[in-house]
Amino acid sequence: MPVLVPSEVRCHTRATKDFGALYVALVLLSFHAALVLYINSSFIETYISKTSVSSIYIMSALLTVCAFLIIPKILNRFGNVRTVTALTIIEGAALLAMPTIHNPLGITFLFTVHQIAVPLLLFTLDIFMESLTGNCEKSTGGRRGLFLTIMSLTIALSALLSGYLMGDSEPHYALVYTTSALLLIPFLLIIR
């Protein structure tokens with residue numbers, strides 16, 4: 001076993017504990033996002049024409065790009081923890097409201113909020129990873145690889161859970177959206 005200098009020992013000990021919490025937060029966020037990933041378009045089609053659904057996805061993507069342009073200013077002003085907290089609350093509220101609002105404009109707005117919030121939340125987790133890595137550049141690739149692997153596996157598994165929650169006959173959209181929103185509670189507790 002190699003001898004670690006004091007700064008490497010401190011980095012290794014802190015990173016192991018904190019990265020564990022970050023990985024759990026990632027699992028929760030990935031499950032949260034992927035539970036609704038495969039049902040969003042079907043849900044929106046119950047209120048909006050099929051041709052309009054793709055337009056909403058395009059509009060959401062463009063607004064997400066704009067959000068990435070302004071997020072650095074928000075992070076500089078409020079910090080990562082406050083930004084994650086606000087985004088998580090907004091995202092949870094949007095998901096809880098989506099199955100209760102039966103207005104096409106309201107659904108479009110809430111879906112767009114959801115589509116913008118998820119990538120921003122993943123971005124903030126990446127900022128936490130960067131801050132945890134600090135000077136420990138030797139482990140960055142492995143930790144980032146594990147980060148992406150966990151996210152991919154969670155997304156694959158959540159498709160099964162989403163299908164189970166949707167049911168066989170009449171789709172239970174509210175159950176899936178509520179479950180997804182509830183996963184944000186432990187996520188937020190870990191981040192805080």
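Me: Which residues do ring pairs link into a cluster?
Reply: This is a predicted model: local features need pLDDT of at least 70, side-chain atom pairs count only at pLDDT 80 or more, and totals for chains, interfaces and linings use all residues. Residues are numbered from 1 along each chain as its sequence is written, and side-chain values use heavy atoms, leaving out hydrogens and water. Rings of Phe, Tyr and Trp (its six-membered ring) pair if their centres lie within 6.5 Å; planes under 30 degrees apart count as stacked, over 60 as edge-to-face and the rest as tilted. The cluster is made of F43, Y47, Y173 and Y177.

Me: How many aromatic pairs does a search of the whole structure find, and what kind is the pair of F43 and Y47?
Reply: The search finds five aromatic pairs. For F43 and Y47, the ring centres are 5.5 Å apart and the planes stand at 70°, so the pair is edge-to-face.

Me: Is F43 buried or exposed?
Reply: Buried means under 20% relative accessible area, exposed over 50%, partly exposed in between (1.4 Å probe, protein chains only). Y47 has 24% relative accessibility, so Y47 counts as partly exposed. F43 has a relative accessible area of 3%, so F43 is buried.

Me: What kind of pair do the rings of F43 and Y177 form?
Reply: Helices (H or I, at least four residues) and strands (E, at least two) are DSSP runs, numbered from the N terminus. F43 and Y177 have ring centres 5.1 Å apart. The pair links distant parts of the chain, 134 residues apart: F43 is in helix α2 (residues 40-45) and Y177 in helix α7 (residues 173-182). The planes lie at 55°, so the pair is tilted.

Me: How many helices and strands does the chain have?
Reply: Read from the N terminus, the elements run α-α-α-α-α-α-α-α. The count is eight helices and zero strands.

Me: Is α4 roughly parallel or antiparallel to α8?
Reply: Axes are lines fitted to C-alpha atoms, for helices over the stretch in contact, and angles run from 0 to 180 degrees between N-to-C directions. Under 35 degrees counts as roughly parallel, over 145 as roughly antiparallel, 65 to 115 as roughly perpendicular and the rest as oblique. The axes of α4 (residues 80-97) and α8 (residues 184-191) come within 10 Å and cross at roughly 175°. Therefore α4 and α8 are roughly antiparallel.

Me: Which residues does T85 touch, not counting residues up to four places away in sequence?
Reply: T85 is found in helix α4. T85 is buried, with a relative accessible area of 14%. Contact means heavy atoms within 4.5 Å. Not counting residues up to four places away in sequence, T85 touches L188 and R192.
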